[in-house]
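Please read this briefing beside the sequence and the model. It begins with the overall make-up and then takes up selected details, topic by topic.

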Amino acid sequence: MRRLLNAILFFLLCGVTLFAQSTPQVMPSFQELMSEFTILQEDHTENQKLLSTVYTGLKELTQTASNDAILENSIKLYRQISEVISAIQQEQEQQVAFKNTISRYSGDRQLLRQEQTYLSHYLDELQKFGREQEGAMAYLQQAQKQLSLRIANMPPPPRFTGNFDIEFVLIATDRNNAFYITKEPLSQEQIFTIWKAMHPELNDQELQKIQEDFKQKGICLYEARQIAACMGRLFGGFPCTLPSEAQVAALREYGQTLPKAVWLDGKQNLEPVEKEALLRFGMTIGRVWDPTAKLGAHQNRNAVISEIPWAKYPELGCVLTTVIDAGRAKKRAIIEKLLDETATQVDQTDNTPEEDAQ
Amino acid sequence: MNKSILTIAFLLFAGIANSLFAQDYPPLDEGGIGLSPEVLRTLTAPQPKHNSYTTRCKGAFLRTKVVNTKKSYKVAANLTIVEPFQQPALKLERQEYRIYTEVRLYEMLLRIFTPGEDENHGTYDYQRLDGEVWEGETSERTVLHGSSPLKNIQVNINGITLMTDDKGVVLDPEIKLDILGSFDDLGTRKVNFFIEAPEMEPVDFPMNRTMPKRQAKDDRGIDEEERYELLVALGLDFALSKGEPEQDALQIKAILPTDFAYAQAGTHFPLKLQVKNPSTRQTSCLIARTFSRCPGLNGKLFYFGAVRPGETKEFTRMIVVDKTEKSNTANLEIRFSDSWGILQQNLPLTFTVIH
């Protein structure tokens, strides 16, 4: 708050100076110059303190045990660094303006010896400040870069809740093969809600018919794909798709609790005889994963069978998958929101006794 | 003493003279042209000089004589089409074969050799001996004696036990043998049916499904005989047509029995496809295929071949929703293709399933 007031005061002074220059300019007095320098000095000291806070924070970050705490502290530090960088840049601008003021002051009159000494001292100090600022900026920018990487590579949370209260769980067989999948097949209500959001042009009667259709018959592959695409858009660019046949192997445990068969998408692993028939007759086929044999017994070891893409069954639903970055982004968004809320509360109660007195 | 020496000398002289002037008889021949043991013995026995001798030998062929007859029974199969759904089936016959063991009979001749003035020369005379025959080589001859339908009998075809009806047609009510199903893989052109019946020799029946029809040749292999050709038995023309058909003009319909309300899981029912050609060009090697998740509904080929302008053709397959199906609906889609490519028409079908 104090720094903000100082900044406003300084800019007002500069503004007045410029105004005075353009119209006839009012030259600040030497006393005013001394006051300005004091302000700059205090600002610089303040920024140095902030910088050391950042140093401490970064050091403590490496000692933090919990991943959640690391993520939260990383985000906090990142914000803090952004603020410090902004403050240093502001400081630099102020210093440049002050140097210009000194130049004009020196150019306009015959300086007294004492004045010369002071002004030369100020310029030396400003140079020193400049070097320190350069070093600080380089360090802060590097730290910010590393924090970005760290935040981006944080272990994804084991679960998160996306739009429409759809819960995603993490499936990770190894570091390179991890993804999120909806905890359960989408319910009829969820499907209908998403469908309604996708088609705002439909009237109530049409929507009711569609809702009844989803309830009685289930969902076909084309509808499942549209729902996945819609969720992807709502995830802010992270792709949301139906699971692929290649992911089925990683979902063995998950599959044992599936209450329905689910649609798959992506590259199909078909037998040559089937491929030839599809080619010969111009047919496209969908693939279904039925680990708990809800549709019927089958011979396939991995429980993946072919199905006509427009077919619908109440026993056949859809699950959605997304990339691990979606979970990370969701977690980060939650933490940032909490931090924003905390900062707002602090700002509202953040009045020092002096300010209250004023 | 002098007499003894003279006697010995005379005998020695006689022996030397005998060895110098004895005739060289021809070497003994145990084979050759019909030298019997008697002849051989006469050759080795001391011969009176200037006397003729005889041997027996083979003359002209007379006839064959059946010395043994055996009977054997074999199964013979043919393709036939049965109602009510015009499905291919095997029709079996019981064929009786007689196996005759025959020996060839020749005239018996007496060969008389009369030596000439010189013991090295002579003449041969032949005299036919009536009432006697020379028995030559034996052989077997198999003759189809008769055939009859293999009726009301249990047969085993490719390990599947089935019954035949009164006409010898193999009954397959549960579609276990599924002749059409054997060819549902587009790459399968030949299927062998190994047919076994009690107390009969088993037989292989190699059935072919040739699409498109091969060019006619003068010399045909056994696998090109029409009696083994499934599409010929079905009365279909699968020759390639030269003109491009009007695929889009075809009118296609799926027909279920009139009393069909639902599919009973585990029970076969007929699905008939009807193709009507209102255009001016015939189709070429037209076929259709079902696609479905249910194995009993999936992959069934329907054959139409050449459907001429104005003609309507139908083909029926027996399909089934498997007993293991849990859902209450079954979906299938039928797609068409001919020798000119894929048809745009398709038939989506959905059945209610009762368990």
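**Overview**

Chain B has 4 helices and 16 strands, where helices (H or I, at least four residues) and strands (E, at least two) are DSSP runs numbered from the N terminus. This is a predicted model, in which local features need pLDDT of at least 70 and side-chain atom pairs count only at pLDDT 80 or more, while totals for chains, interfaces and linings use all residues. Residues are numbered from 1 along each chain as its sequence is written, and chains are lettered from A and ligands numbered from 1 in the order in which they are written.

**Domains**

- Chain A is divided into domain 1 (2-154) and domain 2 (159-330), with bounds that come from an automatic or database domain assignment.
- Taken over C-alpha atoms, the centres of domain 1 of chain A and domain 2 of chain A are separated by 55 Å.
- Chain B is likewise divided, into domain 1 (51-235) and domain 2 (247-354), and the C-alpha centres of these domains of chain B lie 42 Å apart.
- The contact between them takes 10 residues from domain 1 of chain B and 12 residues from domain 2 of chain B, two residues being in contact if their C-beta atoms, placed from the backbone, lie within 7 Å.

- Helix H2 of chain A (residues 30-61) has 32 residues and should span 46 Å at 1.5 Å a residue, which agrees with its end C-alpha atoms being 46 Å apart; the expected span is 1.5 Å times one less than the number of residues.
- The buried residues of H2(A) are A:Glu36, A:Phe37, A:Leu40, A:Asp43, A:His44, A:Asn47, A:Leu51 and A:Val54, and a residue is buried if 20 or more other C-beta atoms lie within 10 Å of its own, exposed if 12 or fewer, and partly exposed in between, with C-beta atoms placed from the backbone.
- The axes of H2(A) and helix H4 (residues 113-152) of chain A come within 11 Å and cross at roughly 25 degrees; axes are lines fitted to C-alpha atoms, for helices over the stretch in contact, and angles run from 0 to 180 degrees between N-to-C directions.
- H2(A) and H4(A) are therefore roughly parallel to each other, since angles under 35 degrees count as roughly parallel, over 145 as roughly antiparallel, 65 to 115 as roughly perpendicular and the rest as oblique.
- H2(A) passes H4(A) in a left-handed crossing, a crossing being left-handed if the near helix is turned anticlockwise from the far one by less than a right angle, and right-handed if clockwise.
- On the H2(A) side, the residues that meet H4(A) include A:Phe37, A:His44, A:Leu51 and A:Val54, and these are also listed among the buried residues of H2(A).

- Helix H5 (residues 188-198) and helix H6 (residues 204-217) of chain A pack at an angle of about 145 degrees, with their axes 10 Å apart, and H5(A) passes H6(A) in a right-handed crossing.
- Their contact is made by A:Gln188, A:Ile191, A:Phe192, A:Trp195 and A:Lys196 of H5(A) together with A:Leu207, A:Ile210, A:Gln211, A:Phe214 and A:Lys215 of H6(A).
- A:Lys183 is found in the loop between strand S3 (177-182) and H5 of chain A, and it counts as partly exposed, with 14 C-beta neighbours inside 10 Å.
- Leaving aside its neighbours within four places in sequence, A:Lys183 is in contact with A:Glu167, A:Phe168 and A:Val169.

**Contact between the chains**

- The contact takes 19 residues from chain B and 20 residues from chain A.
- On the side of chain B that touches chain A, strands S12 (286-292), S15 (329-338) and S16 (341-354) of chain B each supply at least two residues, and the largest share, 5 residues, comes from S15(B).

**Backbone details in chain B**

- Buried residues make up 23% of the 355 residues in chain B.
- A cis peptide bond, with omega about 10 degrees, joins B:Glu83 and B:Pro84, and B:Pro84 is found in the loop between strand S1 (53-82) and strand S2 (87-115) of chain B.
- The peptide bond from B:Met211 to B:Pro212 is cis as well, with omega near -10 degrees.
- B:Ile175 has a positive phi of about 50 degrees although it is not a glycine, and with 16 C-beta neighbours inside 10 Å it counts as partly exposed.
- B:Glu199, a residue other than glycine, has a positive phi near 60 degrees, and B:Glu199 is exposed, with 7 other C-beta atoms within 10 Å.
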